[in-house]
Amino acid sequence: MKRKICIVLIIALCLTASLGCTNYGFVKADELSDNISDQLDNIDLSELEDFFNNIENKPNDADFLSYVKNLLSGEYNVEFESIFDYLFSAFFSDVKKSLPTLISVLVIAIFCGIMQGLRSSFLSQGIDNIILFVSLLSIILLLTGEMISMWQTTKNIIENIAKLCDIMSPVILTLMLASGGNLSAAVYKPAVAFLSNGVINIFLSIILPLVGIIIAFSVISNFSTSIKINKFIDFTTGIIKWLIGLIIAVFGIFLSIQGITSATYDGISIKAAKYAISNSVPIIGGFLKDGFDLVIAGSVLIKNAIGVSSLIALFYSVISPVLYMASFSLILKFISALTEPIADVRISGFCTSMSKCITYLIVTLLSVGFMLFITILLLTLSANAVL
Amino acid sequence: MKKWILSLGIVVIIVAIISLILPEGKLGKYIKSICSLIVILAVLQPLLNLKQIEVNFNTLINGNDATIQVDFINYISGAKIKEYEKNCNLLAENVGLEYIETVIEYSINDDAKIVIKKVNLNLKDAVIISDKEHIDIIEEVIDAVAKYLNVNKEIVVVYE
């Protein structure tokens, strides 16, 4: 009997203790959520909200703050099905958008091919040349207009990415400083400035104009057989490839090594400070650091949520133009394949070279997007030692 | 650049029209080579004007730094200081002195770090809850607070 009473008492004690722990946990969670909402009220996110709300082709109308709050409360779920649906619908709507221009190109190319086929029976060599000249000129006019608009879109998106970098970095760096990542912030501050001023300026003022030059050279080299500037195209392409490769390698290696080192140093500093408190102040040392940790943990969680929301903003800014350009390039290649047996070599060659030029535009856009992606990722992953 | 592409386009169209009109023969070959020279000159035009281009590498690398939100740093430092003050009171309680009021005077340096200037321990309403001597407890509290805040003992001031 005594044994049974003992067992019941032990179970009751355990239950009481566990209830106490649970209550303590709830209290801490409430304190943390209060802390987070206080910090959210005090940090200025208006520019980020404006940027996020102005992104075109977002899948839903959710605003920036609700994304951040959902991430903080753990309610944000990545639904892969809806993302794939969004990507498919965006791709096919882009295909629909580009179809009128591309069908016109195909019709002109087929018309030109048929007319050249009839040459031997009805037309002279001179008239045949004039037909080819007119057909080529109309295809060039159709596609060059589209290429200029794509070039302009790429420029606008890169400028938008620079704007996102300029808006997002002060917020994240402030939160990083607030959470004790002083060295990380000191490392990332010039790195972010280098990305938004240096790297993006190089893309805007050197690489994009070079892509423009390639477009112009491709038009010229396909327009007339007497003008041969294919080696110029190769030369310019080489410069672009080297520049992009060099920038990504230097920026990526520099940022990763510096970022990881500083994050480790900050982590060790924070842990050393905690250890010092726990040991220098006996008995309640462990309890003392709790309240202080909650303030820092709030900042870290907000920083990470803003980082992830910025990644979502970056994704929606870049994906739509990339899909449009990719679909256009793919259909151009298809038209080039279709027209090769019927029409003049120059028409299919022109379509292929335009498709290559679009690829350079996509690569330029994705390179800048990738570098900002890496930067945001490292900013999000740094100074998390308190958690 | 727009001017260059436009002039290049015009030159190319003119050259293409000329090669369409020109009859085959020796003269045609000469004119075609002259046209090719003109195209090359048009292509190289930006290189000839390279002296006029000035790239300021200084602004490329050292542009505008990200501006930190000072108001938020002030707010978060205030919150951290409140936690420090609360913990100092708990610390004193643990040593054996209840109901003390801690006020920390601080500033924020350029790296957004808190620099503690003075720690005021107000013992006006304090109650001793230990068997230790009055003077020893105050010394112990000063010691513990200085250790916890990682500051010099001299800046921990007691008001009775």
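Which side chain meets that of Asp344(A) in a salt bridge? In this predicted model, the partner is Arg346(A), with a nitrogen-to-oxygen distance of 3.5 Å. A salt bridge is here a side-chain nitrogen of Lys or Arg within 4 Å of a carboxyl oxygen of Asp or Glu. Asp344(A) has a relative accessible area of 18% and is therefore buried; the class covers residues under 20% relative accessible area, while exposed means over 50% and partly exposed in between, with a 1.4 Å probe and protein chains only.

The model is predicted, so that local features need pLDDT of at least 70 and side-chain atom pairs count only at pLDDT 80 or more, whereas totals for chains, interfaces and linings use all residues. Residues are numbered from 1 along each chain as its sequence is written, chains are lettered from A and ligands numbered from 1 in the order in which they are written, and side-chain values use heavy atoms, with hydrogens and water left out.

The secondary structure of chain A consists of nine helices and zero strands, which gives the pattern α-α-α-α-α-α-α-α-α along the sequence. Helices (H or I, at least four residues) and strands (E, at least two) are DSSP runs, numbered from the N terminus. Chain A has 387 residues, of which 49% count as buried.

Two packed helices are described by the angle between their axes and the distance between the axes. In chain A, helix α6 (residues 182-223) packs with helix α9 (residues 345-381) at an angle of about 175 degrees, and the axes are 10 Å apart. Axes are lines fitted to C-alpha atoms, for helices over the stretch in contact, and angles run from 0 to 180 degrees between N-to-C directions. The helices α6(A) and α9(A) are therefore roughly antiparallel to each other, a class for angles over 145 degrees; those under 35 count as roughly parallel, 65 to 115 as roughly perpendicular and the rest as oblique. The contact of α6(A) with α9(A) comprises 23 nonpolar residues, seven polar residues and one charged residue. In this division, Ala, Val, Leu, Ile, Met, Phe, Trp, Tyr, Cys and Pro are nonpolar, Asp, Glu, Lys and Arg are charged, and the others, Gly among them, are polar.

Side chains of opposite charge can pair when their charged atoms come close. Over all chains, the search of the whole structure finds four salt bridges. One of them joins Lys97(A) to Asp94(A), with a nitrogen-to-oxygen distance of 3.5 Å. Both residues lie in helix α4 (residues 80-117) of chain A, three residues apart, about one turn of the helix. Lys97(A) is exposed, at 56% relative accessibility, whereas Asp94(A) is buried, at 3%. In chain B, Lys153(B) forms a salt bridge with Asp143(B), and the closest N and O atoms are 3.0 Å apart. Lys153(B) lies in the loop between α5 (134-149) and β5 (156-159) of chain B, and Asp143(B) in helix α5 of chain B, so the pair ties together parts that are ten residues apart in sequence. Lys153(B) is partly exposed, at 40% relative accessibility, and Asp143(B) is partly exposed, at 34%.

A disulfide is a covalent bond between the sulfur atoms of two cysteines. With a disulfide taken as a pair of cysteine sulfur atoms within 2.5 Å, the count over all chains is zero. Cys112(A) is in no disulfide, as the nearest cysteine sulfur, that of Cys351(A), is 11 Å away. Cys112(A) is buried, at a relative accessible area of 0%. Cys357(A) is likewise in no disulfide, and the nearest cysteine sulfur, that of Cys351(A), is 12 Å away; Cys357(A) is buried, at 1% relative accessibility.

Most residues other than glycine have a negative phi, and most peptide bonds are trans. Tyr99(B), which is not a glycine, has a positive phi of about 60 degrees. Tyr99(B) belongs to the loop between β1 (97-98) and β2 (101-108) of chain B and is exposed, at 58% relative accessibility. Asn150(B) also has a positive phi, near 55 degrees. Asn150(B) is placed in the loop between α5 and β5 of chain B and is exposed, at 70% relative accessibility.
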